[in-house]
Amino acid sequence: MSAVLDPHGHAHDHDDHHHTPTGLMRWITTTNHKDIGSMYLWFSFVMFMVGGAMAMVIRAELFQPGLQLVNPDFFNSMTTMHGLIMVFGAIMPAFVGFANWLIPIQIGAADMAFARMNNWSFWILPFAGSLLIMSFFMPGGAPGVGWTMYAPLTSQMGIGMDLTIFAVHLLGMSSIMGSINIVTTILNMRAPGMTLMKMPLFCWTWLITGYLLIASMPVLAGAVTMTLTDRHFGTSFFNAAGGGDPVLYQHIFWFFGHPEVYIIILPAFGVISQIIPAFSRKPLFGYASMVYATASIAILSFIVWAHHMYTTGMPVAGQLFFMFATTLIAVPTAAKIFNWLATMWRGSLSFETPMLFALGFLFLFTMGGFSGLVLSLAAVDIQLHDTYYVVAHFHYVMVAGALFTAFAGVYFWFPKWTGRMYDETLGKWHFWLSMIFFNITFFVQHFSGLAGMPRRIPDYPLMFETWNKISSIGSFGFGLSQLLFLYIILKALRSGEKAPALPWEGADSLEWTHLPTPAPYHSFETPPVIK
Amino acid sequence: MGQHVTAQGTPDYYIPQPKPWPIIGSVGLFCMALGAVCIFNETGPGWPLLSAGVMIILYMLFRWFGDVIAESEGNLYSKRVDLSFRWSMSWFIFSEVMFFAAFFGALFWARVISVPDLSNLTHNEYMWPGFTAAWPSAGPGFTEKFSPMGAWGLPALNTFLLLSSGVTITVAHWALKVEKRGLLNSFMFLTVLLGAIFLVCQVIEYGHGYSDLNLKLSTGVYGSTFYMLTGFHGFHVTLGAIMLSVILARCLKGHFKPDHHFAFEAVAWYWHFVDVVWLGLFIFVYWL
């Protein structure tokens with residue numbers, strides 16, 4: 001089998017799809033990984049806008065002390081739904097979208113291993129999202145329990161809580177099916193010669209992320225199921241009078257929740273590991289150590305969960321264990337940071353938008369990592385727990401970490417996906433506006449947090465007013481900047497310049513070297529041979 | 001027909017054609033969720049929605065698996081596709097293991113941490129005077145008398161039934177591989193039968209718990225963990241038995257070849273998985 005692929009034409013002429021549905025039904029029934037990847041990305045963007053609007057409500061209310069715009073219950077619903085929608089609706093689907101688009105064309109497979117189930121993984125999401133949004137229109141409104149849904153508060157919520165629980169079940173089903181698909185694709189669908197250690201790092205990070213998802217999502221399903229039966233069937237999992245324990249909920253939740261944060265960030269690491277070498281025009285420094293670091297992070301992520309619970313109460317020995325295990329994660333993470341830096345060292349760097357976002361990631365994610373180290377220390381965390389310092393920390397890793405990477409990835413692969421270039425000037429504007437407004441929004445929250453401002457509260461003492469005003473102004477700017485992103489994408493889709501076959505000269509993974517630009521609807525129908 | 005990908009001249013991979021089953025499944029799940037929410041909160045058309053959802057899901061499963069079986073019998077699945085199925089089923093069972101792990105975790109937490117904590121000095125003095133920790137416990141706030149479920153009656157019989165069914169399905173698998181179709185059919189039937197008897201015993205045991213032992217789902221943390229763990233296990237046995245019945249029906253229709261019968265193996269793996277979970281239940285829920 002020697003498949004010689006002409007990068008400027010189709011490898012095959014395919015006898016196209018005698019009865020492929022068209023119009024809306026094409027998208028509803030499609031089994032094509034590229035269609036499904038695009039739908040994931042668009043869904044994620046819509047959810048990003050919805051969750052972002054909620055963030056605007058939160059920041060508007062916090063613009064000055066006192067209660068101005070919304071009542072406290074609605075404020076609680078806002079913080080809860082902002083978190084759930086951003087985590088499960090925006091960030092996770094965005095990276096599943098990347099996985100769908102990229103994994104088959106990076107390993108030389110024709111499609112995902114289970115193309116029809118792939119469709120189902122996506123099409124569960126809009127229904128789960130609807131359940132979440134519907135909870136706003138129920139008596140009692142959307143649950144105001146925080147995205148962590150701690151017992152016993154969840155036992156006191158209205159119908160909206162039940163809708164949220166089932167939404168989480170559906171989202172979990174979708175994630176598990178999606179991950180099984182991704183893991184199987186990577187393990188079994190690689191082209192001849194594409195050994196595991198030759199795969200682009202993005203595939204490696206998704207292989208490990210898939211494992212994390214399959215291991216942790218069922219645990220979350222268990223936790224919300226116990227919440228459901230406690231609410232309606234008289235069980236006592238989280239009820240001390242019945243011999244249960246609300247703390248148990250926290251343990252089960254965070255056994256899921258901590259791997260979850262790596263589920264969000266590991267694919268981002270993969271994207272960064274593709275982009276930085278491309279714009280440094282050098283191969284990734286320390287490929288093997290990147291793989292091992294990713295795997296170490298994944299393994300450690302299962303034994304650090306109680307660092308979210310230092311103030312809940314646990315034996316000192318427990319605090320020490322979780323503290324040491326948590327600080328240990330800094331080691332493989334630092335290995336990654338240094339590898340990226342070393343990749344750039346003496347590289348022939350250029351700074352197009354994807355690279356700018358990647359560098360923004362590198363800088364800000366490292367800061368988020370450092371504030372994470374601060375928080376990992378049990379003695380310090382007791383002071384900072386549930387303050388805005390924590391809010392600042394996780395927005396540095398979630399927004400500047402995961403979201404910036406998603407932007408970087410979209411700009412980087414946009415030409416490969418669509419055959420068109422985005423407007424580079426506007427892209428740079430998007431980056432700088434995002435970068436500046438992000439820091440205006442969240443950097444000051446370190447200070448209000450250190451001063452003791454609690455999170456998830458709609459009102460605050462006068463002493464916090466300055467920081468909150470700055471933060472709110474920054475957030476409005478950040479929100480508006482994302483409309484620019486939408487404009488850039490729509491403009492590029494409508495009238496973007498035609499992309500050259502290899503828009504980034506340093507990009508060397510299979511989708512760039514073996515496929516034309518834009519990637520044809522069906523690719524690698526004959527697997528390429530990798531030397 | 002879907003589309004074939006070939007390598008070295010032989011079919012290597014099969015991309016199925018677009019079908020509406022996934023979206024129908026999503027609609028079904030959505031109706032089920034809404035229906036359940038309505039029923040739990042005693043509002044809206046709960047039962048109609050829930051039953052509509054269940055019907056839609058059943059229809060979807062019937063048609064989707066119908067397509068898969070047709071594709072398999074039509075020799076559209078290569079060795080590589082077969083290997084994909086094997087990976088995915090293994091990962092699926094792993095996810096199920098983690099689901100049960102959450103509930104076992106709750107059981108161990110109650111037994112080792114929360115119930116003993118509730119009887120310690122501070123709690124005794126300020127919250128629950130006189131509460132002593134002893135498993136089984138329904139917690140300090142629970143005043144009714146109840147008896148725990150013993151291990152050596154029906155549960156022991158159930159252990160025997162499930163373990164035997166593990167043997168019979170292995171015999172059936174062996175028979176399939178050496179092409180003894182009569183033996184295959186009879187041992188598959190025996191496996192389904194053992195599973196069904198297990199379920200009947202489980203129902204009798206629940207009846208015994210509710211009517212004789214005063215052991216309910218609401219009997220504190222013991223009742224919660226007992227019924228939720230055994231209940232989810234029973235639900236999985238039910239699913240497994242349905243899957244086994246489908247496989248039995250396919251065996252009777254002459255499906256499967258000695259070297260091509262992944263559906264059979266997948267169901268067998270699943271059946272062994274529920275078997276192993278049961279052993280965990282028998283030891284930690286019933287016995288110790």
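Domain bounds here come from an automatic or database domain assignment. With that in mind, chain B splits into domain 1 (1-77) and domain 2 (78-287), and their C-alpha centres lie 26 Å apart.

A word on the model itself: this is a predicted model, in which local features need pLDDT of at least 70 and side-chain atom pairs count only at pLDDT 80 or more, while totals for chains, interfaces and linings use all residues. Residues are numbered from 1 along each chain as its sequence is written, and chains are lettered from A and ligands numbered from 1 in the order in which they are written.

**Between the domains of chain B**

Two residues are in contact if their C-beta atoms, placed from the backbone, lie within 7 Å. By that rule, domain 1 of chain B brings eight residues to the contact and domain 2 of chain B brings six residues. On the domain 1 side, β2 (10-15) and α2 (46-73) of chain B each supply at least two residues, and β2(B) gives the most, with five residues. Helices (H or I, at least four residues) and strands (E, at least two) are DSSP runs, numbered from the N terminus.

**Between the chains**

Now to the chain pair: 57 residues of chain A are in contact with 57 residues of chain B. Among the elements of chain A that give two or more residues are α4 (115-134) and α6 (201-232), but α5(A) gives the most, with eleven residues.

**The two sides by class**

Ala, Val, Leu, Ile, Met, Phe, Trp, Tyr, Cys and Pro count as nonpolar, Asp, Glu, Lys and Arg as charged, and the others, Gly among them, as polar.

| Domain 1 of chain B, touching domain 2 of chain B | four residues | two residues | two residues |
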